[in-house]
Amino acid sequence: MSKTNAFVKIKKYFPFYLMALPGIIYFFINSYIPMGGLILAFEKYTVKGGIFRSPKVGLSNFKFLFSSADAWLMTRNTIAYNLVFIVLGTVVAIVVAYLLHELKGNLPRKIYQTIILFPSLLSIIIVSYLVNAVLAGDTGFINNYILIPLGIDPISFYSEPKFWPFILIFVHLWQMTGTSCILYLANMSAIDSGLYEAASLDGASRWHAFINITIPCLVPTIITLTILAVGKIFNSDFGLFYQVPMNSGALIDVTQTIDTYVYRGLMNTANLGMSAAACFYQSVVGFILVMITNHLVKKLSKENAMF
Amino acid sequence: MVKNDRGFQILAHVLLILMGVLVVFPILLLVMASISAESDIIKYGYSLFPKHIDFTSYNFIFSEGSIYHAYLITVIVTVIGTVASVIVTTMISYTLTVPGLPGKQILSFYVLFTMLFSGGLVPSYMSWCNLFHIKNTIWALLFPFIFVSAFHIMITRTYFQNNIPQEILESARMDGLSEFGIFFRMVLPLSKPIIATIGFMKALMYWNDWKNSLYFVTDKQYVSVQALLNNMLTNVQYLSQSMDASLGATDMVNIPTLGIRMAIAVVGMLPMIVLYPFFQKYYMEGLTVGAVKG
């Protein structure tokens with residue numbers, strides 16, 4: 001009886017398992033095998049041994065990695081840039097969303113929004129070209145049309161680290177503000193307009209209404225997005241830190257992040273062990289951060305938690 | 001606050017126009033650079049108002065085969081990748097909504113866990129190269145990292161749960177339709193909005209992808225538009241080197257390398273500019289649905 005029952009059940013559900021199968025196989029290959037491949041961090045990779053059977057070397061890759069100056073540098077840069085992106089990104093997104101929301105007339109709002117959103121469609125390669133057209137030492141716009149006419153010596157930006165934190169932050173905001181303000185804009189539209197009318201009757205200024213009504217209504221979203229961003233604080237946009245500075249060696253102090261370090265190590269077989277160790281470091285710390293932040297989000301607003 | 005609103009409106013317009021100018025300026029500069037005479041670029045740099053309008057750069061790139069081939073690769077990868085990805089994503093998402101499916105919790109966790117933990121670049125690269133020998137094949141542009149994302153599965157599953165009534169499916173079963181028939185002939189047609197949204201996000205991802213080319217492709221046969229641009233970013237001479245064969249050595253000196261780079265960047269950007277008004281709606285929907293969890 002139970003045997004035929006099981007058979008009926010399998011027959012009934014078999015088509016569904018078949019539908020899920022391509023996805024299951026893909027995640028196994030793309031995600032689960034690489035998770036096992038983290039073992040590379042504890043090996044000295046050889047072609048013969050491959051990923052899983054190369055000689056084990058214990059923690060020596062980590063010892064080399066963390067005794068080098070690179071480990072501190074890339075960790076500092078990754079976290080510092082992300083913190084600035086989180087703080088400035090949130091402020092700029094809210095301000096832009098507010099300006100768009102308060103604008104009279106739908107057409108101007110639509111036009112501005114369309115323009116501000118456009119850069120997010122461009123690949124970071126194209127963005128690198130745009131940055132290069134502005135900053136290039138010999139042919140760039142800033143040197144030829146601003147600095148030289150003003151009688152200032154041209155700057156060779158791609159070998160001057162001191163400018164790059166500002167450039168990278170600017171480029172990030174330039175590309176991402178359009179997408180990050182959309183959610184705040186949606187939030188603002190959902191605020192009860194009666195609140196503003198009451199405030200206006202009480203003689204509240206626009207600034208007071210912004211501080212006392214708009215911002216408090218956005219707080220749950222701000223907190224949620226910030227926590228989720230903190231969960232990704234060990235990850236960086238590889239293209240922004242590698243392509244936009246055009247892989248310039250002179251800028252490495254301010255452009256090296258964990259992702260660029262891992263890639264550079266991977267391309268240089270002599271450093272594969274350290275690269276694998278850095279990758280392991282990023283994966284594990286990233287996982288811990290995601291678990292902690294998801295736990296926090298779950299406490300604050302259940303529907304925004306990932307699980 | 002309504003009384004002194006004029007001042008605020010003016011301020012808002014000024015600030016937003018300023019932002020618009022910041023966005024448009026570098027793009028316009030790039031376009032102008034691509035139609036400047038090479039000698040002017042060398043002499044005066046990239047200018048918004050070129051002294052001589054000159055389409056030589058475009059003549060060069062369109063008379064040479066690389067750009068057509070790169071476009072072909074990009075279009076093939078984008079179309080095949082997007083269609084295959086949407087089918088695989090919707091199928092597994094649908095499975096996760098089947099009532100009473102044994103093992104559904106496990107499957108759900110199996111998908112979700114890939115969002116929480118990942119092996120990262122080194123193990124992924126090593127396994128794609130050494131176990132699946134994907135280097136310098138078209139598969140390298142389709143599969144690693146971008147093919148199916150757990151996040152898209154999650155939002156598609158939510159859409160199915162909220163928009164596909166089980167009763168319709170049940171009555172179709174009564175009529176003797178197979179499960180695959182139900183999925184392709186009933187579930188998918190009822191899910192056009194979510195298919196448009198994730199399909200568009202996927203197409204954009206494939207169109208703009210350059211990382212897989214960087215990691216896995218050295219063969220000129222599989223160079224996409226983004227890869228071509230990337231190669232020229234780090235090596236100004238990239239295209240002229242590949243032109244060697246088709247042009248005589250004497251013509252080499254006359255190749256406007258600076259202008260060509262900008263022209264190719266414009267050609268790479270053009271489809272976005274032209275199509276943007278048509279897909280902006282889906283794009284914004286995708287961003288709103290993905291904003292929190294993305």
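These are my notebook entries on how chain B is laid out and how chain B meets chain A in this predicted model.

**Entry: domains of chain B**

I started with the division of chain B and found domain 1 at residues 2-34 and domain 2 at residues 58-290. I then looked up how far apart they sit: their centres, taken over C-alpha atoms, are separated by 33 Å. Next I checked which residues meet, and 4 residues of domain 1 of chain B are in contact with 5 residues of domain 2 of chain B. On the domain 1 side of that contact I noted 3 nonpolar residues, 1 polar residue and no charged ones.

**Entry: chain B against chain A**

How many residues does each chain bring to the contact? I found 81 from chain B and 76 from chain A. I wanted to know which element of chain B gives the largest share of its side, and helix 1 (residues 5-34) does, with 15 residues. Sorting the chain B side by class gave me 58 nonpolar, 20 polar and 3 charged residues.

**Entry: the largest nonpolar core**

I looked up the largest nonpolar core and counted 140 residues in it. Ala133(A) and Leu30(B) have the most contacts inside this core. I also saw that the core takes at least three residues from domain 1 (2-34) of chain B and at least three from domain 2 (58-290) of chain B.

**Entry: a visit to Leu30(B)**

Conventions. Residues are numbered from 1 along each chain as its sequence is written. Chains are lettered from A and ligands numbered from 1 in the order in which they are written. This is a predicted model: local features need pLDDT of at least 70, side-chain atom pairs count only at pLDDT 80 or more; totals for chains, interfaces and linings use all residues. Domain bounds come from an automatic or database domain assignment. Two residues are in contact if their C-beta atoms, placed from the backbone, lie within 7 Å. Ala, Val, Leu, Ile, Met, Phe, Trp, Tyr, Cys and Pro count as nonpolar, Asp, Glu, Lys and Arg as charged, and the others, Gly among them, as polar. Helices (H or I, at least four residues) and strands (E, at least two) are DSSP runs, numbered from the N terminus. A nonpolar core is a set of buried Ala, Val, Leu, Ile, Met, Phe, Trp, Tyr and Cys residues joined through C-beta atoms within 7 Å. A residue is buried if 20 or more other C-beta atoms lie within 10 Å of its own, exposed if 12 or fewer, and partly exposed in between; C-beta atoms are placed from the backbone.
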